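Student: I'm new to this one, and I'd like a close look at a single part of it. Could you pick one residue and walk me through its surroundings?

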Amino acid sequence: WTKTSGTEKVVRARFRSQRGAELLALELPSSVDAEVRFRGVKAPHRVVGAWHAHIWAGPGQDGVDIEITLRGTQSADALLIDHSYGLPPEGKFLLEARPSSAVPSQLGDVSVVSRRVRL
């Protein structure tokens, strides 16, 4: 649901991945004055270029309750992103082409899906 007052907009929703991804992110432009909470707890952010990324790591099927408080009267664009570990079945040939000496780097293989929304 969304509640708007004269100086802020509060959006509450269930944030989940249809793919069951274990890592979810809400990214807002750094110019947006906002507070993000996952399950009622204020989420810190990390700077990713001109965006602030608020990240949730946990079981993906049920998702997580999210509350976004936007200060000001303007709407904001946001990115909803999910990261699932491993490759989809279509990527099997990539795994088979790797030499036995291949090792993962950082998160290893991930599939990333994003969607732009307007809050």
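Tutor: Let's go with Ser111, which counts as buried because its relative accessibility is 15%; buried means under 20% relative accessible area, worked out with a 1.4 Å probe and protein chains only. Keep in mind that this is a predicted model, where local features need pLDDT of at least 70, side-chain atom pairs count only at pLDDT 80 or more, and totals for chains, interfaces and linings use all residues. Residues are numbered from 1 along each chain as its sequence is written, and side-chain values use heavy atoms, with hydrogens and water left out.

So where does Ser111 sit? You'll find Ser111 in strand β10, which covers residues 110-118; strands here are DSSP runs of E with at least two residues, and helices are runs of H or I with at least four, numbered from the N terminus. The protein chain has 10 strands and 1 helix, and its order along the sequence is β-β-β-β-β-β-β-β-β-α-β.

Beyond its neighbours within four places in sequence, Ser111 is in contact with Arg19, Asp82, His83, Ser84, Gly86, Leu87 and Pro88, where contact means heavy atoms within 4.5 Å. Look at Gly86 in particular: its backbone oxygen is 3.3 Å from a polar atom of the Ser111 side chain.

Zooming out, residues 24 or more positions apart make up 76% of the protein chain's contacts with a separation of 6 or more. Of its 119 residues, 35% count as buried, and the C-alpha trace spans about 60 × 30 × 20 Å along its principal axes.

Methods. Buried means under 20% relative accessible area, exposed over 50%, partly exposed in between (1.4 Å probe, protein chains only). A polar contact is a pair of N or O atoms within 3.5 Å; within protein, one must be able to donate a hydrogen and the other to accept it, and residues adjacent in sequence count only if both atoms are side-chain atoms.
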